[in-house]
Amino acid sequence: VMEEYLKVRWQEASPSLGPVPTGPSAIARMRLLCMAQVSANSVLKGFDLLVEEDRDILSTEMGRTGCACQSFSRDLVPAEASEPLVGPAFLVYYGPAYLQGLGNDDPTIRLAILAEIYRCARAL
């Protein structure tokens with residue numbers, strides 16, 4: 001259900017963002033669209049400019065469902081996100097507000113900080 005919702009949100013975005021994303025960062029991109037709302041275009045461009053390590057951590061952590069025996073389609077998340085997880089899936093509660101309040105900040109820096117939050121949480 002969540003995956004279909006994300007795809008519909010992408011398709012209904014205005015201005016159009018083009019076809020629904022595919023590949024290992026697809027779910028992260030669609031979730032960022034929903035989180036960032038009016039800042040989505042800037043945030044998605046910032047995602048493309050991230051260093052690979054930060055893009056990978058966002059794609060992996062945002063590609064987890066947090067539900068036992070449930071995952072997104074394997075072609076839309078990194079392989080690691082589809083494997084049985086040892087530990088929790090993380091929800092950064094104020095993540096949407098953090099991205100929506102982008103203002104004149106560089107979205108790449110905000111996303112790098114979000115990646116670091118996920119990285120540190122996973123290290124715990």
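**Helix packing and selected residues**

Glu53, Asp54, Ile57, Leu58, Glu61 and Met62 of helix 4 are in contact with Leu111, Ala112, Leu114, Ala115, Tyr118, Arg119 and Arg122 of helix 7, where contact means heavy atoms within 4.5 Å. By class, this contact of helix 4 with helix 7 has eight nonpolar, no polar and five charged residues; Ala, Val, Leu, Ile, Met, Phe, Trp, Tyr, Cys and Pro count as nonpolar, Asp, Glu, Lys and Arg as charged, and the others, Gly among them, as polar. The model is predicted: local features need pLDDT of at least 70, side-chain atom pairs count only at pLDDT 80 or more, and totals for chains, interfaces and linings use all residues. Residues are numbered from 1 along each chain as its sequence is written, and side-chain values use heavy atoms, with hydrogens and water left out.

**Helix 4 and helix 7**

- Helix 4 (residues 52-62) packs on helix 7 (residues 107-123) at an angle of about 60°, and their axes are 9 Å apart; helices are DSSP runs (H or I, at least four residues) numbered from the N terminus.
- Axes are lines fitted to C-alpha atoms over the stretch in contact, and angles run from 0 to 180 degrees between N-to-C directions.
- The two helices are therefore oblique to each other; angles under 35 degrees count as roughly parallel, over 145 as roughly antiparallel, 65 to 115 as roughly perpendicular and the rest as oblique.
- Their crossing is left-handed, meaning that the near helix is turned anticlockwise from the far one by less than a right angle, whereas clockwise is right-handed.

**Helix 2 and helix 3**

- The axes of helix 2 (residues 26-36) and helix 3 (residues 40-49) cross at roughly 145° and come within 8 Å.
- This crossing is right-handed.
- Ala28, Arg29, Leu32, Leu33 and Ala36 of helix 2 make the contact with Ala40, Val43, Leu44, Phe47 and Asp48 of helix 3.
- This contact has eight nonpolar, no polar and two charged residues.

**Burial in helix 4**

- Asp54, Ile57, Leu58, Ser59, Thr60, Glu61 and Met62 are buried in helix 4 (buried is under 20% relative accessible area, exposed over 50%, partly exposed in between; 1.4 Å probe, protein chains only).
- The buried residues of helix 4 pack against helix 2, helix 3, helix 5 (79-82) and helix 7.
- Asp56, also in helix 4, counts as partly exposed at 40% relative accessibility.
- The C-alpha atoms of Asp56 and Val77 are separated by 9.9 Å, with the residues 21 apart along the chain.

**Glu3**

- Glu3 lies in helix 1 (residues 2-11) and is buried, with a relative accessible area of 11%.
- The side chains of Glu3 and Ser73 are joined by a polar contact of 2.7 Å (a pair of N or O atoms within 3.5 Å; within protein, one must be able to donate a hydrogen and the other to accept it, and residues adjacent in sequence count only if both atoms are side-chain atoms).
- Not counting residues up to four places away in sequence, Glu3 touches Ile27, Phe72, Ser73 and Leu76.
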